[in-house]
Amino acid sequence: MHRIGIDLGGTKIEAIALDGDGRECMRKRVPTPQADYVATVATIVALVRDVEAELGVSASVGIGTPGAPSTRDGRMKNANSTCLIGQPLQADIEQALGRAIRIENDANCFAVSEASDGAAAGAHVVFGVIVGTGVGGGIVIDGRPLTGANAIGGEWGHNPLSGEVDPRPCYCGRSGCVETWLSGPGMAADHLKMTGQSLDARGIADAAAQGNAAAEATLQRYEARLARALATVINILDPDVIVLGGGLSQLSRLYDNVPRLWVPHVFSDTIATRLVPPTHGDSSGVRGAAWLWPLEETP
C-alpha cells in the first residue's frame, strides 16, 4: 500500500509518495496559492491526483499543516498562513477526494518522521523540536503523534522561558515566550541588543567560528537558554530522544553543549535523554505526513 504525504508550506506545497516499505517513490512540489483558501484546497487535491495517476495506485493521504484542526469543530487554528484559520480544511479535502485523510501540525509530522525511520527510530517517547524562523514541537509515543486534548501537544514555543528578566513581546500576544529567545530572529535580536551589530543566526555562527568573542558569547547564551527550555520538557515528558529540526539544528555544537548545560535543571540523578540531529532534515515534515497512516491502518 502506498502512502502520500503533503507538506503545506507558506511558499510551496510538497508531496511525497512512500511504498509499503517506506521507500520514496516520487516527490513533487508546486507553489502555494497566496492568501487563497479555495485555491489551496484545489491545489492539494490536484497534487494528490497527479501523484496517484503517475504511480497508477490509490494511496492514503496525510497532510502536515501550519496550525492544527480544532478539537471543537475541526476548523483550523493557530496557523501563520492566515487564510486557513477558521476553515474546515480536512473536511473539504476529504469531500473532494472522497476518502478519509489525516492532518497534523507540521511539527508533529517532523517528529513522526524521525520516530518512524529517522534519528529516533524505535524510541518509545520522542520530542521533535523545530528551531528556525519560529519554534515548535511535536510529541510521538510508540510511533504515533500525541495531538492532545486541545490539539496543542508539544507547543513548547509558547511557554515562558524561565530565568529571563527582560521578557520580549511575542506575536501570539504574550511576552517572554520560548520562541522569542530561541528562534533564529530571537538569536539575532539578542545579538543586536548586546553588541549593536545586526547579524542573522548564520552570520553569528560564522563569526563565532572565526573567533569573534561577541558572537561566541551570543551562542553561549543561546545554548544556556535552549538547555533550560529543554530541561523543562524533560522534567515533564521524560523523552527517550529529543530531535532538533529547523535551520538552527545545523549548529553541530548544540549536541555536545546543550546536554551538558541542561544537567543542573533536570530533576534526576542520571539523564538518559539523547539530543540528536535529524536524519531526514527538511524532508522530515513531508515524510512524517505520509507516516500519519501506519501500514496496518492504511485504508
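Contact here means heavy atoms within 4.5 Å. Helices (H or I, at least four residues) and strands (E, at least two) are DSSP runs, numbered from the N terminus. The model is predicted: local features need pLDDT of at least 70, side-chain atom pairs count only at pLDDT 80 or more, and totals for chains, interfaces and linings use all residues. Residues are numbered from 1 along each chain as its sequence is written, and side-chain values use heavy atoms, with hydrogens and water left out.

**Stop 1**

Select S3, S2, S1, S4 and S7. These five strands form an open sheet in the order S3-S2-S1-S4-S7, with mixed pairing. Two strands pair if DSSP finds at least two bridges between them. Look at the edges: strand S3 (24-31) and strand S7 (102-105) each have a single partner strand, so one side of each has no neighbour in the sheet. The twist averages 20 degrees from one strand to the next. For such angles, axes are lines fitted to C-alpha atoms, for helices over the stretch in contact, and angles run from 0 to 180 degrees between N-to-C directions.

Now zoom in on strand S4 (residues 59-65) and S7. They run parallel and are joined by four bridges. Find Thr 65; opposite it in S7 stands Asn 105.

**Stop 1: another sheet**

Go to S8 and S9. Seven bridges join them, and they run antiparallel. Ile 130 has Gly 136 in S9 as its bridge partner. Next, compare strand S8 (residues 125-131) with S11: they run parallel, joined by five bridges. Here Gly 128 stands opposite Val 243.

**Stop 2: strand S11**

Is S11 buried or exposed? Five of the five residues of S11 (residues 241-245) are buried, so the strand is largely enclosed by the rest of the structure. Buried means under 20% relative accessible area, exposed over 50%, and partly exposed in between (1.4 Å probe, protein chains only). Show the side chains where there are any. Val 241, Val 243 and Gly 245 point one way, while Ile 242 and Leu 244 point the other way.

Step across to strand S12 (residues 274-276). S11 and S12 pair in the parallel sense over three bridges. Ile 242 stands opposite Leu 275. From S11 the chain crosses through helix H8 (residues 254-262) to S12, a right-handed β-α-β crossover. Right-handed means that, with the strands pointing away from the viewer, the path from the first strand over the helix to the second runs clockwise.

**Stop 3: helices**

Select H7 and H8. They pack at an angle of about 60 degrees, with their axes 8 Å apart. H7 and H8 are therefore oblique to each other. (Angles under 35 degrees count as roughly parallel, over 145 as roughly antiparallel, 65 to 115 as roughly perpendicular and the rest as oblique.) Residues making the contact include Tyr 222, Leu 226 and Leu 230 of H7 and Val 258, Leu 261 and Trp 262 of H8.

Move to helix H6 (residues 201-209). Its buried residues include Ala 201, Ile 204 and Ala 208. Among the elements covering them are helix H5 (184-195) and H7. Just after H6, Gly 211 has a positive phi of about 95 degrees.

**Stop 4: two loop residues**

Most residues other than glycine have a negative phi. Select Asp 142, in the loop between strand S9 (135-141) and strand S10 (144-145). Its phi is near 50 degrees, a positive value. Asp 142 counts as exposed, at 52% relative accessibility.

Finish at Asp 238, in the loop between helix H7 (213-237) and S11. Phi of Asp 238 is near 55 degrees, also positive. At 55% relative accessibility, Asp 238 counts as exposed.
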